[in-house]
Amino acid sequence: MLLYYWQVTYFTDSSKIILGVFFGLLIALMIYIAFRIIEMSYVMRYKRPFYIHFPVWMRSLSNNQRAILHNQFAFYSKLLPRQQRYFEHRVAAFMKDKRFVGRESLLVTDEMKVLISATAVMLTFGFRDFYIGLIDRIFIYPNIFYSVGNGSFHKGEFNPKLRTLVLSWKHFRRGFEIETDKVNLGIHEFAHAIHLNSIKERDVSSTIFSDSFQELTDLLTKEEELRKELVSSNYFRDYAYTNQFEFLAVLIESFIEKPKEFKEQFPQVYSKTKQMLNFNFAGY
């Protein structure tokens, strides 16, 4: 009798626990779905995520790594103190997530990892998901390298099949030494990766990016005069008109390096690029 009572009580209590867990999960799912619906409504109206930064815990850089940002990455100095802390967290997280590989006996240094990661974080600082999931490895060559895939020499390339970004360190550095020529290897190659990643992923930031680029494409298709003005102005180098991928990469280079001039000459195109990246900080 005692055993029967214990069994009945045990199974009754177990059933209550199972039901409690089930209803708890059901409520959590309903809250998540409701949030997604609310956020998508917000995104449709304002063209930006409901929130961007919400880390459970913040990663930190070493003193040396932080000094590299302070001394060598101008964008970082334009941010507010709180934004700088988020930026540091993202750089540290990005470095942790990616594998950096030196080629041709190149020794990978903290300077390389910090500056390359900071470039990726800068371009995705308006994104909620900043990891660029299509990149697993970053190969760094000392100079121009031979690309087996294309059968030619390159300064940089992105291979989505191998999930690999490849950079010439010499030319990466040169892109930041001259900050207003609208030519920056790191920005250009990461722009390719972000573009392709936005096509593959369906997170809120990728959706905004790809939808905004489609809006820009539709605008240029519809506005013939604007399209002709872009081409005849020579504001973007000829390489931009190779295909839509190169156009977008060159567009982002110009947006980052010469935002004021870009905005004055082509305000509609600037506005769509800003919307694409959700760049509402650092004076942009």
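**Briefing: cores, sheet and helix packing**

Phenylalanine 190 touches Phe94, Ile116, Thr119, Ala120, Leu123, Ile132, Ile135, Ile138 and Leu165, leaving out residues up to four places away in sequence; contact means heavy atoms within 4.5 Å. The model is predicted: local features need pLDDT of at least 70, side-chain atom pairs count only at pLDDT 80 or more, and totals for chains, interfaces and linings use all residues. Residues are numbered from 1 along each chain as its sequence is written, and side-chain values use heavy atoms, with hydrogens and water left out.

**Overall**
- The protein has 12 helices and six strands. These are DSSP runs numbered from the N terminus: helices are H or I with at least four residues, strands are E with at least two.
- The C-alpha trace spans about 90 × 50 × 40 Å along its principal axes.
- Of the 284 residues, 43% count as buried. Buried means under 20% relative accessible area, exposed means over 50%, and partly exposed lies in between (1.4 Å probe, protein chains only).
- Among contacts with a separation of 6 or more, 71% join residues 24 or more positions apart.

**Nonpolar cores**
- The largest nonpolar core holds 70 residues. Such a core is a set of buried Ala, Val, Leu, Ile, Met, Phe, Trp, Tyr and Cys residues joined through side-chain atoms within 4.5 Å.
- Phe73, Phe75, Phe87, Ile138 and Phe190 have the most contacts inside this largest core.
- Helix α5 (residues 110-123) supplies the largest share of this core, nine residues.
- A second, separate core has five residues, including Val101, Tyr141, Phe145 and Val166.

**Sheet**
- Four strands make an open, mixed sheet in the order β1-β2-β6-β5. Two strands pair if DSSP finds at least two bridges between them.
- β1 (99-102) and β5 (156-159) are the edge strands, each pairing on one side only.
- From one strand to the next, the twist averages 15°.
- β5 pairs with β6 (residues 164-168) in the antiparallel sense, over four bridges.
- Glutamate 157 stands opposite valine 166 in β6.

**Helices α8 and α10**
- α8 (residues 204-222) and α10 pack at an angle of about 105°, with axes 12 Å apart. Axes are lines fitted to C-alpha atoms, for helices over the stretch in contact; angles run from 0 to 180 degrees between N-to-C directions.
- The two helices, α8 and α10, are therefore roughly perpendicular. Angles under 35 degrees count as roughly parallel, over 145 as roughly antiparallel, 65 to 115 as roughly perpendicular and the rest as oblique.
- Phe209, Phe213, Leu216 and Leu220 of α8 meet Gln244, Phe247, Leu248, Leu251 and Ile252 of α10.
- The residues of this contact divide into eight nonpolar, one polar and no charged. Ala, Val, Leu, Ile, Met, Phe, Trp, Tyr, Cys and Pro count as nonpolar, Asp, Glu, Lys and Arg as charged, and the others, Gly among them, as polar.

**Two residues on these helices**
- Serine 254 is in α10 (residues 244-257). Serine 254 counts as buried, at 1% relative accessibility.
- Neighbours within four places in sequence aside, serine 254 contacts Lys182, Tyr235, Phe236, Pro259 and Phe262. Phenylalanine 236 is 18 residues from serine 254 in sequence and 7.7 Å away, C-alpha to C-alpha.
- Glutamate 215 is in α8. Glutamate 215 is partly exposed, with a relative accessible area of 22%.
- Glutamate 215 touches Lys47, Lys272 and Gln275, not counting residues up to four places away in sequence.
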